[in-house]
Amino acid sequence: MTSAQPLDVEPTPLALLLLGRESDPASERGVDCPGDLPAPSDPDLVARARAAKEALGDRVFVLGHHYQRDEVIQFADVTGDSFKLARDAAARPEAEFIVFCGVHFMAESADILTGDDQRVILPDLAAGCSMADMATAEQVAEAWDVLTEAGVAGDTVPVSYMNSSADIKAFTGRHGGTICTSSNARRALTWAFEQVGENGKVLFLPDQHLGRNTAVRDLGLSLDDCVVYNPHRPGGGLTVDQLRRAKMILWRGHCSVHGRFSLDSVNEVRERIPGVNVLVHPECRYEVVAAADQVGSTEHIIATLDAAPEGSRWAVGTELNLVRRLANRYAEQGKEIVFLDRTVCFCSTMNRIDLPHLVWSLESLAAGKVINRIEVDRATEHDAKLALERMLALP
């Protein structure tokens, strides 16, 4: 029996990154976090966070995304979805520091929309977004080359979801496109098709489900009008004829949280809870959205449950931190709110922002040390802002 010989193979940077043996500050997959964090078991964390925030006063403005854990959200000056928070930051020019308790692309958007003298801080640089990671600038540039060679780029306008990197937003701005949120995706797609005419196309980045659900449910397109571009296959895995016939060219991306919900989840909860209303986010799969009673953005979900009658029952398909918070908030009103699936489903990257990281960030700023600043370069910021401004101008 011979012993195994070592292979003469050099591990790739991505392999080392996934093994935790390297870091890539330009990536949202994970980076080193310098500094000594307080111990998670420190019983004084809440008092320390409160003291540091009070010491900073109006110099700091803390933003908390709806998916953050309760221990963090309690220190947020405002809560909301990603775009609402970026706009809230821009509306506070007197704040020297914007501490964004969210993920990387959200902090980038805040940096793009805030003043040059304001500094955006992300408490943990490894708080990324798997969906945003599914479309890189290089991949999208290659896809545009594929569309150009197929003769359809001139009739195509990009529409990028807010959940994308600054580089993707900049690409969208340079090519005459717009950004959208889950709240205004219908208006954004309507605008896009007005730009390219009846025979034009939309390249939708990076979430295929939001693009498909909006096109089919809201705009009346068919599933056959949609094709999925896979950046990991030559030509996106599509023929020239498929590209020419398509109305919606959907990027092969998805949300790791909302993509977990299935039709079985919907059927199971209806059997388990008689009379339940199923309310889901449009990042869910098409068959889940089609089987739900209501579909809407995070803000829509909150507003719907707020207006729901006492005694009503709801199964909600979105991130678990938010669902739990809403269930607790409305329990006294007799509203039963449960998670759509029995499997626990937190946003793992969003949950990297915890109380120790927030305390470390605030105490560092109070001590005059700026850490974990998110800064978008001027050229990227310029082009990305074009796309964001087009969204703001939507009718």
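Predicted model: local features only at pLDDT ≥ 70, side-chain atom pairs only at ≥ 80, totals over all residues.

Biologist: How far apart are the end C-alpha atoms of helix α16?

Modeller: Helix α16 covers residues 355-366, which is 12 residues. The expected span is 1.5 Å times one less than the number of residues. For α16 this gives 16 Å, and the distance between the end C-alpha atoms agrees, at 16 Å.

Biologist: How many residues of α16 are buried?

Modeller: Buried means under 20% relative accessible area, exposed over 50%, and partly exposed in between (1.4 Å probe, protein chains only). Trp-360 and Leu-362 are among the buried residues of α16. The helix is largely enclosed by the rest of the structure, because the buried residues number 10 of the 12.

Biologist: Which residues does UniProt give as "binding site", and why are they said to gather at one spot?

Modeller: The UniProt entry, which is unreviewed, places this feature at Cys-129, Cys-255 and Cys-347; such annotations may be inferred rather than shown by experiment. They span 219 residues in sequence, yet they gather at one spot, because no two of their C-alpha atoms are more than 9.3 Å apart.

Biologist: Is Cys-255 buried or exposed?

Modeller: Cys-255 is found in the loop between β9 (248-251) and α12 (263-272). Leaving aside neighbours within four places in sequence, Cys-255 is in contact (heavy atoms within 4.5 Å) with Met-131, Asp-207 and Glu-283. With a relative accessible area of 13%, Cys-255 is buried.

Biologist: Which residues of domain 1 lose the most area to domain 2?

Modeller: By an automatic or database assignment, domain 1 is 42-128 + 350-376 and domain 2 is 132-254. Together they bury about 590 Å², where buried area is the accessible area (1.4 Å probe) that two parts lose on being put together, summed over both. On the domain 1 side, 60% of what is buried belongs to three residues together: Phe-83, Phe-105 and Glu-108.

Terms used
Residues numbered from 1 in each chain as written. Heavy atoms only, no water. Helix = DSSP H or I, 4+ residues; strand = E, 2+ residues; numbered from the N terminus.
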